[in-house]
Amino acid sequence: MLICLTASHQNASFDLLEKLSVGAPTAAGTLVESSDFVSGAVVLATCNRFEAYLDVDEPLTAASAVAVEATIQTMSAASGVVPSDLRDSVSVITGDGVVEHLFAVSSGLESVVVGEDEISGQVRRALERARDDGTTSRDLERLFQQASHTSRGVKNRTNVGGAGRSLVRLALDLAQSRVTDWSQARILLVGTGMYAATTVAALRDRGAESIGVFSASGRAPWFAAKHQLVAHTDLAEAIAWSDVLITCTSTTEPLVVPSVVEAGVRRLVIDLGLPRNVDPLVARVDGVELLDLETISLHAPLAELSAADDARALVTSAAAEFQAVAAEQSLSPAVVALRKHVFDLLDAEIERARSRGDSSERTEQALRHLAGVLLHTPSVRARELAREGRGEDFRDGLEALFGLTDTRASAPTALRPLGDDRSGEATAV
């Protein structure tokens, strides 16, 4: 069973999300190793949300509740968050609701800026990290891969994810009233990660020409050469040079503190980091105006209603199809059991006929073909019943007619929808 614990800018403080963004991603391995019920976990922690996607085995009725509490305790311990605070902030989604929620998140429909560009990459990297840490599962793999596919479809078929909808671009839009001519501004970028490249592109779209970069990791020269910027090696000197300071690093402690910011100089500071890259006390330095993620989120524009509605419809349709295919696959063991039963009987009869000298190759081929034809309709009906939510009817029928009870075994990893296979081979379908 799939479960999602989610906290976002809509129901949790930025302080709590900031702490979770540091510690939670590293705790998935601890959760899977220590829990009797959690067989897989993928953690997505961004500047605006925390999500833990769990694959939960349910040997007990209370397994889901136990798994949720274990997740809260593990993530709290790793992040320095009081468990009761996390418990009060997260919403728990189960079953089919998890699918549509992740598809909506990956498509940018739950972001501060509806349709933002960055979230789909963050979802993809969350899965990659789970793979590296060995915490993913077959069902989570399939869920996240389909989420990425859905987000691409939403981006290609609607206007909800166009240029200018990212947090970076929104921040620069808000800064437009303070920076009247970007071509004359001296801009310092602190950080060389994903947001940094996006920020450079957005700045140049606005006509910015004088852009410098500083990196505490020493990557500034490399990044500057790649993007034709000026590399700075001393943070205080670089800040003194700048009119606009934009931070977007992954450091866990603020880099920009009051002591490195010159007082009395009019300067705009934009903090896109989570955890914060700028100490909030910097806002008290004379001449500094601080624009952080919390402020940016308050000014997020309303979605273009038609584009958002179209995107929601695509997400809902994709989630329904995902669930239908999953239902089909859940009946694969039942179809395999039926085919095995029929062909075992056929093989036994052919063997008896051979022992009496009553069998020929053409007769055997004809019988196998006939068995495949007869099995075609039950295979098709299994797919139809699964999509109608009547998989139990199919299993009950097999038990009543053929005495087959072993119809719930785990389906194989490489699953495909129930197909029109008349070959007579007892393969997974």
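Trainee: Which residue is the bridge partner of Val42 in strand 3?

Mentor: Tyr53 is the partner of Val42. Keep in mind that this is a predicted model, where local features need pLDDT of at least 70, side-chain atom pairs count only at pLDDT 80 or more, and totals for chains, interfaces and linings use all residues. Residues are numbered from 1 along each chain as its sequence is written, and side-chain values use heavy atoms, leaving out hydrogens and water.

Trainee: What makes strand 2 and strand 3 (residues 49-56) a pair?

Mentor: Pairing needs at least two bridges found by DSSP between two strands. Seven bridges join strand 2 to strand 3, so they pair, and they run antiparallel. Strands themselves are DSSP runs (E, at least two residues; helices are H or I, at least four), numbered from the N terminus.

Trainee: Why is helix 1 called roughly perpendicular to helix 3?

Mentor: The axes of helix 1 (residues 14-23) and helix 3 (residues 63-79) cross at roughly 90° and come within 8 Å. Roughly perpendicular covers 65 to 115 degrees (under 35 is roughly parallel, over 145 roughly antiparallel, the rest oblique), so helix 1 is roughly perpendicular to helix 3. Axes are lines fitted to C-alpha atoms, for helices over the stretch in contact, and angles run from 0 to 180 degrees between N-to-C directions.

Trainee: Which residues of helix 1 and helix 3 make the contact?

Mentor: Lys19, Leu20 and Gly23 of helix 1 meet Met75, Ala78 and Ser79 of helix 3, where contact means heavy atoms within 4.5 Å.
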